[in-house]
Amino acid sequence: MARVLSEYRLMFFLCIAAVCSIGVAAQSTTPLCQPGVSNQKTVVTAAQRKAAGNKAIPPITDRQNGFAWPDSEFGVFKNDTAYTFFASDGAHHDGNNKYGSVTRTFGTLDNPVGSAPPIDVIIHPNPDAAVNPNYGSYTYLGGGRIYRVPAGRPGAGSLLDVYHAEINTTTSFYSLLGLAVSSDDGLHWTDLGEIIRPNQPYEADLAGFDIGSPRLVHSPDGRYFYVYFPDWIANGTTQPTTATIVSVARAPMASVLEAAFGEDPHPAAFEKYYEGAWTQPGIGGLSTDLNPSAGYAGSSNVAYDRAFGRYVMITDDTQHIAYAESVDGLSWTLPVLLEQDENSQTSFDYAVPIGMGDDPNVLGEQFYVFYTHGSAQGWPGNTVRRFTVTCQRSR
């Protein structure tokens, strides 16, 4: 993530958007929202990022990247008028010899970094090493798209994070998704283990592959957690030339929470959606492309829009940010372009929809899209920006 040049992500996403997608899903959903974009705004300047990094707790020791934040999409919670933000700091952390973290800041939608010191927290290994024997091989471990367990459920009030982990290859990295838990509002995080790996097994000479940093999303019937991600379908080469634009896996909510908050915390098994059924294992199984004809690809961040009764997917491929919607979370409209970066020396990264109401994870007829604007200078010049999306109903 932070230490990897953004062109790795761009090359991969251009590949899957142009010629590399496979799938059988068909576009049968008519979009309800005609999105308009306005009010482009910088909400965290490079100077504010630097100042925050200088007072981060514990102190940042990475002299190359400094405070490499936000190196993932934001997770956001609102309490009265105060907001808590979570995102990965992609700097190197000596405490676990890895890049990445789950960093907490307190601010507003106009200033996510706030004035208090950022709390930079690593994800600690599971007390039972057998739960995740791969933990020691990760060179990156972090994320920020946090899910708070609702009242009446096991672990109520605790936090779950679908983290992004990487294992180095000879030229780049291989990425996967796991689950971490916090029972003290993000002051400490514990690894629960892996939940999603691409269909392509790890090999030391693989090209780069970015699986994103998504969030747990409720299924339409409220019984399952959905996780959205691009998948690399193995084809016998070291290049991701048979990648999906967006795939999905699920696990029963009851199973996920019971496994996470039981006597021996571990991950529940997720299953990938493949050719109309949930038949493939989350770890390495095959998956169907849910939007094979999409003109835009990238990391997929999904939220529910209460105004339209639809799921909304915001994607970014480092140069474009796009919008799609779905009734059932499986059949998606073709993405509509929201913003485009025409400067090849900069990038749009980690785009995420944020609601304006009491629950920032629920959208309305208007909502924000936050993203990291990558500068030609790298992290020292990076900023956080947002724009407003206003939906008008299609006629």
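**Rings and nonpolar cores in a predicted model**

Let me start with a charge over a ring: Arg386 lies over the face of Tyr368, at 3.9 Å from the ring centre, where a charge counts as over a ring if NZ of Lys or CZ of Arg is within 6 Å of the ring centre and within 35 degrees of the ring normal. Likewise, Arg250 lies over the face of Tyr224, at 3.8 Å from the ring centre.

This is a predicted model, in which local features need pLDDT of at least 70 and side-chain atom pairs count only at pLDDT 80 or more, while totals for chains, interfaces and linings use all residues. Residues are numbered from 1 along each chain as its sequence is written, and side-chain values use heavy atoms, with hydrogens and water left out.

Tyr368 also belongs to a cluster, linked by ring pairs, with Phe67, Trp69, Phe74, Tyr83, Phe85 and Phe370; rings of Phe, Tyr and Trp (its six-membered ring) pair if their centres lie within 6.5 Å, and planes under 30 degrees apart count as stacked, over 60 as edge-to-face and the rest as tilted. Across the whole structure, the search finds 20 aromatic pairs. In one of them, the centres of the Tyr228 and Trp332 rings are 5.8 Å apart and their planes at 90°, so this pair is edge-to-face. Tyr228 and Trp332 are both buried, meaning under 20% relative accessible area with a 1.4 Å probe and protein chains only.

Turning to the cores, the largest nonpolar core has 46 residues, and Leu160, Trp189, Leu216 and Phe270 have the most contacts inside it. Such a core is a set of buried Ala, Val, Leu, Ile, Met, Phe, Trp, Tyr and Cys residues joined through side-chain atoms within 4.5 Å. A second, separate core of 20 residues includes Ala56, Phe67, Leu109 and Ile354.

Technical notes: Buried means under 20% relative accessible area, exposed over 50%, partly exposed in between (1.4 Å probe, protein chains only).
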